[in-house]
Amino acid sequence: MNTKPFLQLDRVIHEKGRLPIVSLLAASPELSFTELRDTLKMTDGNLSQHIKTLQEAGFVSVTKTYPGTRPLTTCALTPAGRKAFAAYIDLLEEIVRQARPRR
Amino acid sequence: MQTDWASENLQVIRTLMERSAVYRRALAPVMGLVGATGIAAGALGAALKLESSPPFAAYWAAVALVCLTEAFLLIRRQAVKALEPFWSPPTRRVAQAVAPAFCMGLVTGILFFIVDTDDREEVLSLVIIWMALYGLAMHAAGFFMPRGFRLFGWGFILCAVAGLACLIYAQAAVESPMGNPNIVMGVLFGGGHAAYGLYLYFTEKRGNVV
């Protein structure tokens, strides 16, 4: 089996905690911190850490606004993040395709 | 080995992306309040004898506006409490899904307001049109909401079909006191929402109630 696609997987996205975050953000223009936390059932600290890693890689942008008295933190995938996620999916599909018996 | 893992990851990604698009607000209080408003409005409309088309259409358009305001306030309150934006992408999708049928319902109401008639069958035909359009709107919204919502939409569509059959084949039912358009609106719209609200109250996941 060709292991090349597996080795090419982006290590920032290819992590148990970060892949679900990127997947959720890929399906939505933006999501609030609490929506991500509640959907993924993560702790505040854990989610913050993963978002920080994704932010440092340039994959996620974080915006803080003050619509009322409390701050609202929203996260969105950057164009680089969308590109990296699309490439990640392509590689996964290639791995699956390689294993299929050829006709 | 890698293949199984890759397939599982793709499945997880797909599930998460679908979940991200689903509207998550707690609907039990919204349905309950809208149901109670509908039942009260039906009783009041019958008591006030609003049976010709102009007052009937205007009255129920006002009731719809009250119900929309109630829903808006309850949902906004949930969003503020959960520190989430009100006008979120799933909310936008639901609004876009219901908009065409709601617009058509408004246009039909205006037409019946202009065409002055006190014929019960004609007024009941407006009820049937509204019910069918509302069912279609709920069904369309159901694609971005928990699964039961589409069945809720189908319920209204089937009620519209049954109403049409009564209008054509069961004149006695149309002429009976239960054929009063306000009572039909109160029982089907109000009662339907109240029953669905009650069902959601016992079945909606508490984890999703934000």
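The model is predicted: local features are given only where pLDDT is at least 70, side-chain atom pairs count only at pLDDT 80 or more, and totals for chains, interfaces and linings use all residues. Residues are numbered from 1 along each chain as its sequence is written, while chains are lettered from A and ligands numbered from 1 in the order in which they are written.

I begin with chain B. Its secondary structure consists of eight helices and zero strands; helices (H or I, at least four residues) and strands (E, at least two) are DSSP runs, numbered from the N terminus. The C-alpha atoms of chain B fill a box of roughly 70 × 35 × 30 Å along the principal axes. Of its 210 residues, 36% are buried. A residue is buried if 20 or more other C-beta atoms, placed from the backbone, lie within 10 Å of its own, exposed if 12 or fewer, and partly exposed in between. Among contacts in chain B with a separation of 6 or more, 82% join residues 24 or more positions apart; a contact requires C-beta atoms, placed from the backbone, within 7 Å.

Val34(B) belongs to helix α2 (residues 28–47) of chain B. Is Val34(B) buried or exposed? Val34(B) is buried, because 26 C-beta neighbours lie inside 10 Å. Leaving aside neighbours within four places in sequence, Val34(B) is in contact with Cys67(B), Glu70(B), Ala71(B) and His193(B).

I turn to helix α4 of chain A, residues 44–56. The end C-alpha atoms of this helix are 18 Å apart, in agreement with the 18 Å that its 13 residues should span at 1.5 Å a residue; the expected span is 1.5 Å times one less than the number of residues. Its buried residues are His50(A), Ile51(A) and Leu54(A). Seen down the axis of α4(A), they fall within an arc of 100°, so they line one face of the helix; the arc is that of the directions from the helix axis to the C-beta atoms. These buried residues pack against α2 (18–26), β2 (60–65) and β3 (72–77) of chain A. The face turned away from the buried side carries the exposed residues Asp44(A), Gly45(A), Lys52(A) and Glu56(A).

Finally, backbone angles. Most residues other than glycine have a negative phi. Lys41(A), however, has a positive phi near 50°, and Lys49(B) has a positive phi near 55°. Lys41(A) sits in the loop between α3 (33–40) and α4 of chain A, and Lys49(B) in the loop between α2 and α3 (53–81) of chain B.

Conventions:
Contact = placed C-beta atoms within 7 Å.
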